[in-house]
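Open the model in your viewer and keep the sequence panel beside it. Follow the stops below in order.

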Amino acid sequence: MIEEPYRWLEAIGNRREYVREQIKGGSPVFGASLADGILLLGVGSGNSKVFELFDRHALVGLGHPADIEKIRQAAIDAAHMEAFTRAPEDVSLRRLVSFGLSPQLKTNFEQIFSAPFLVELLLAEVGAHPENDLLLRLHFDGGFKTHSKGAVVVASQPDPETAAQSWLAQALADKADRGQVADLMLQAWWCLTENKSLAENPPSEDERRAGWRNAINGKIVEIGWLARQSQRQARFDMLTLNQVGL
Amino acid sequence: MIDTAPIAGDFLSLLAARHLSPIRADSSPAAPVQTQATTVFAFEYSEGVLMAGDRRATAGNLIVTDRVDKVIEIDATSLLAIAGVPATAFEMARVLQTSFEYYRRSQLQPLSLPAKVRALARLLRDNLPMTMQGVGIVMPLFAGLNHAVKPAKAQIYFYDPLGAQFQAVGYAASGSGSGTIRSILSFQERYGKPKPQAMSLGEAVQFALRLLMVASEFDSATGGVSPEARTFATIKVLREDGVRTVDTEQQGQFLRA
């Protein structure tokens, strides 16, 4: 059947729909490059959304936990092998994704008789200066897009993701305080999970803030911070809402 | 058939699976004169453990450099002080740094202190052929935080060249100047006022610098401390909140105090 090009295209299309359907309930995650570092945020159950990969690298994602785990592990293995055989400074997100994770995801996605990865990911690399930061949005089919500034949203569906990203980009303009940024990310998270439009007539700020406060009951807000300046090699820290002043 | 699949969280098994072996090597009878590094020591003070080392490396009667850092931060809660052959010791430090961080990141929990202590013993055992031939001997000190007790307590370990590990009571020293340092530390523990365990950070740093000054008078392989020449030591402390480096500026202030 798949020898015919049309059948193959149809199978790939079905596969794309299948993945989106499977992850549509996934909790959105966020990343933003700030003056002092990169803030990553997700709402999960603890150790389920935001992960340290290497000294200056972190991952945040949504999807099937087993698939996130496989990719996380592959990225950690590759980063540490690279650091050990060359040097920690040689571990770069661009190489990690473009030569490692992305081709693997693409190959897996196009092998239509094997299970696809049910993931949507954001990987971050903090640089010496804000303009050197890298936020890399990686899709389940291996496609990726790089951002060097601003905020990036990862949601299970493309249109709400685009709307949330442009809303967040405007809302975060000139914001450097981690608490303010986390608050805005959580407002966007609540709107996305409650299917509230951020493009037209978004809920009021008070409603959004009360919404996320109420919605995180029983959940854990996972906040990862990649510090730009640190005495330690490992720049990553997990923060609590209290630590960012929320 | 040997199973080369990596054990979860074990970086050394990942290296083996990729056919990389960092420490093991054969020696030659025509080996060059070894560069060596001494002296290092660690003692408990009021806030945790202070670990220090002089900065000299020698090869026979030659001084190779006076700018070696022999006290190495392995991770946020572990310190390694190296005495012996730097080529092997620095590689051991690199293996440990990568292994501990690899485990913490991949397993989402830090390696326990006993596992860290044994990881170093394993590297020393892997280095046994070189040690037995008198080439590449390393006698390190290790300090780590024991999280099994509340509050977490910094503990000192020392090793023999074959990899046997011992927990130190109060202090430990290694390297060619260690005899002098052990004697002074023993005296201070027994008769000193204050005893090392009661010293503040400033007192402990001043004491450590003076220890190295004395050791360098009796051992040419131990680099001294000379405030006039801005030659100090490498000093790091391990406290409940982790590792902190005492830089040369602070060392100068504490020494003058």
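**Stops in the loops**

Select B:Arg230, which lies in the loop between helix 6 and strand 12 (234-239) of chain B. Keep in mind that this is a predicted model. Is B:Arg230 buried or exposed? B:Arg230 has 10 other C-beta atoms within 10 Å, so it counts as exposed; the cut-off for exposed is 12 or fewer. Now check its backbone. Phi of B:Arg230 is near 55 degrees, a positive value in a residue other than glycine.

Switch to chain A for another positive phi. Pick A:Asp174, where phi is near 70 degrees, although the residue is not glycine. A:Asp174 sits in the loop between helix 4 (158-171) and helix 5 (178-193) of chain A. A:Asp174 is exposed because it has 5 other C-beta atoms within 10 Å.

Return to chain B for two prolines. Select B:Pro194, in the loop between helix 5 (178-191) and helix 6 (201-218). The peptide bond joining B:Lys193 to B:Pro194 is cis, with omega about 0 degrees. Next comes B:Pro151, in the loop between strand 8 (141-146) and strand 9 of chain B. The bond from B:Lys150 to B:Pro151 is cis, and omega is near -5 degrees.

Finish at B:Gly163, in the loop between strand 9 (153-159) and strand 10 (165-167) of chain B. B:Gly163 has 18 C-beta neighbours inside 10 Å, so it counts as partly exposed. Which residues does B:Gly163 touch, not counting those up to four places away in sequence? They are B:Ala121, B:Leu124 and B:Arg125. Show the C-alpha atoms of B:Gly163 and B:Leu124: they are separated by 4.9 Å, yet the residues are 39 apart along the chain.

Technical notes:
Residues numbered from 1 in each chain as written. Chains lettered and ligands numbered in written order. Predicted model: local features only at pLDDT ≥ 70, side-chain atom pairs only at ≥ 80, totals over all residues. Helix = DSSP H or I, 4+ residues; strand = E, 2+ residues; numbered from the N terminus. Buried ≥ 20, exposed ≤ 12 C-beta atoms within 10 Å, placed from the backbone. Contact = placed C-beta atoms within 7 Å.
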